[in-house]
Amino acid sequence: MSGSLPMEDPLVRMYRELKRALAKDQSQVKWAMVIDQAKCIGCHACAVACASENRLGPGVVYRPVMEEETGTYPNVGRRFLPRPCMQCENPPCVSVCPVTATWKNAQGVTVIDYTRCIGCRYCLAACPYGARCSDFGGFYTSRTPQEPGLIQGRYAARAYEQQNAPEYAKSWGQRGKGSPVGNARKCHFCLHRLEVEQLPSCVTSCVGRATYFGDRTDPGSLVSELMGSPRAYALKAELGTRPNVHYLA
């Protein structure tokens, strides 16, 4: 039994590789993610961690987990597909932006300048993966019961939702008072966490260790190793978008 267990938690290795990547010339680093569908149990912990980390309101989902039924009764099963932004090398969402509010940074992550985005949603229509969404400024607590002296509901809970979103390592102020409300939003590999040597929240919260992250230009990294697996594939590769999120079938 002990021989079948991994000698080291993949998170420990990925943290070590993250520090190695951050010590490099950052123009030489290219971030990538690998998701092992055989290990994903569909618990949605990654989606919850992402929403909490980035203070995502209703309708704003960076990491949906798609579910698919397989087989024919009585031999049936379920398969799960976490689907963040693919961080494409050739992103269709960038070229359609009329105000150049979105682009690829030096590490290959497609980012958005919320102060420049006008919320036209062209990028939402252009993305073949449906990875972008609009933030209409809603609150999960809008219909929470509230009765002074009896129920501390809506207002007490909303204080949490109004906390400052840490995205792009900037202070966006209280939610509902401006950007990112009204803007297009998407997964950005938790760039604000990478800056402080922390892995993306979806990676650290994965109970099945199904999500891997690192520098794909490092031949010794775990993601580089997994991308070479015969099980590796990319979504809609035929479109020529060249995703930096890869899957293991």
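**A conversation about rings, a sheet and cysteines**

Colleague: How many aromatic pairs does the structure hold?

Modeller: This is a predicted model, and the structure holds 5 aromatic pairs. One of them joins Y114 and Y168 in an edge-to-face arrangement, with 5.6 Å from centre to centre and 70° between the planes.

Colleague: Why does that pair count as edge-to-face?

Modeller: Planes over 60 degrees apart count as edge-to-face, and the planes of Y114 and Y168 are 70° apart.

Colleague: Where in the chain are Y114 and Y168?

Modeller: The pair links distant parts of the chain, 54 residues apart. Y114 is in the loop between strand 5 (110-112) and helix 4 (122-126), and Y168 is in the loop between helix 5 (154-161) and strand 7 (184-185).

Colleague: Are Y114 and Y168 buried or exposed?

Modeller: Both Y114 and Y168 are buried.

Colleague: Which rings form a cluster?

Modeller: W31, F189 and F213 are linked into a cluster by ring pairs.

Colleague: And what sits over the ring of F139?

Modeller: The charged end of R158 does, at 4.4 Å from the centre of that ring.

Colleague: How do strand 9 and strand 10 run, parallel or antiparallel?

Modeller: Strand 9 and strand 10 (residues 245-248) run antiparallel and are joined by 2 bridges. A232 stands opposite L248, and Y233 has Y247 as its bridge partner.

Colleague: What about strand 1 and strand 10: parallel or antiparallel?

Modeller: Strand 1 and strand 10 run parallel, with 4 bridges between them. M33 stands opposite V245 in strand 10.

Colleague: Which way do the residues of strand 10 point?

Modeller: V245 and Y247 point one way from strand 10, whereas H246 and L248 point the other way. All of these residues are buried.

Colleague: A change of topic. How many disulfides does the structure hold?

Modeller: The structure holds 0 disulfides.

Colleague: Are C50 and C202 buried or exposed?

Modeller: C50 is buried, because its relative accessible area is 7%. C202 counts as buried too, because its relative accessibility is 8%.

Colleague: Where does S201 lie, and what is in contact with it?

Modeller: S201 lies in helix 7 (residues 201-204). Leaving aside neighbours within four places in sequence, S201 is in contact with A49, C50, E53, C190 and R193. S201 counts as buried because its relative accessibility is 6%.

Note on methods: Residues are numbered from 1 along each chain as its sequence is written. This is a predicted model: local features need pLDDT of at least 70, side-chain atom pairs count only at pLDDT 80 or more; totals for chains, interfaces and linings use all residues. Side-chain values use heavy atoms; hydrogens and water are left out. Rings of Phe, Tyr and Trp (its six-membered ring) pair if their centres lie within 6.5 Å; planes under 30 degrees apart count as stacked, over 60 as edge-to-face and the rest as tilted. Buried means under 20% relative accessible area, exposed over 50%, partly exposed in between (1.4 Å probe, protein chains only). A charge sits over a ring if NZ of Lys or CZ of Arg is within 6 Å of the ring centre and within 35 degrees of the ring normal. Two strands pair if DSSP finds at least two bridges between them. A disulfide is a pair of cysteine sulfur atoms within 2.5 Å. Contact means heavy atoms within 4.5 Å.
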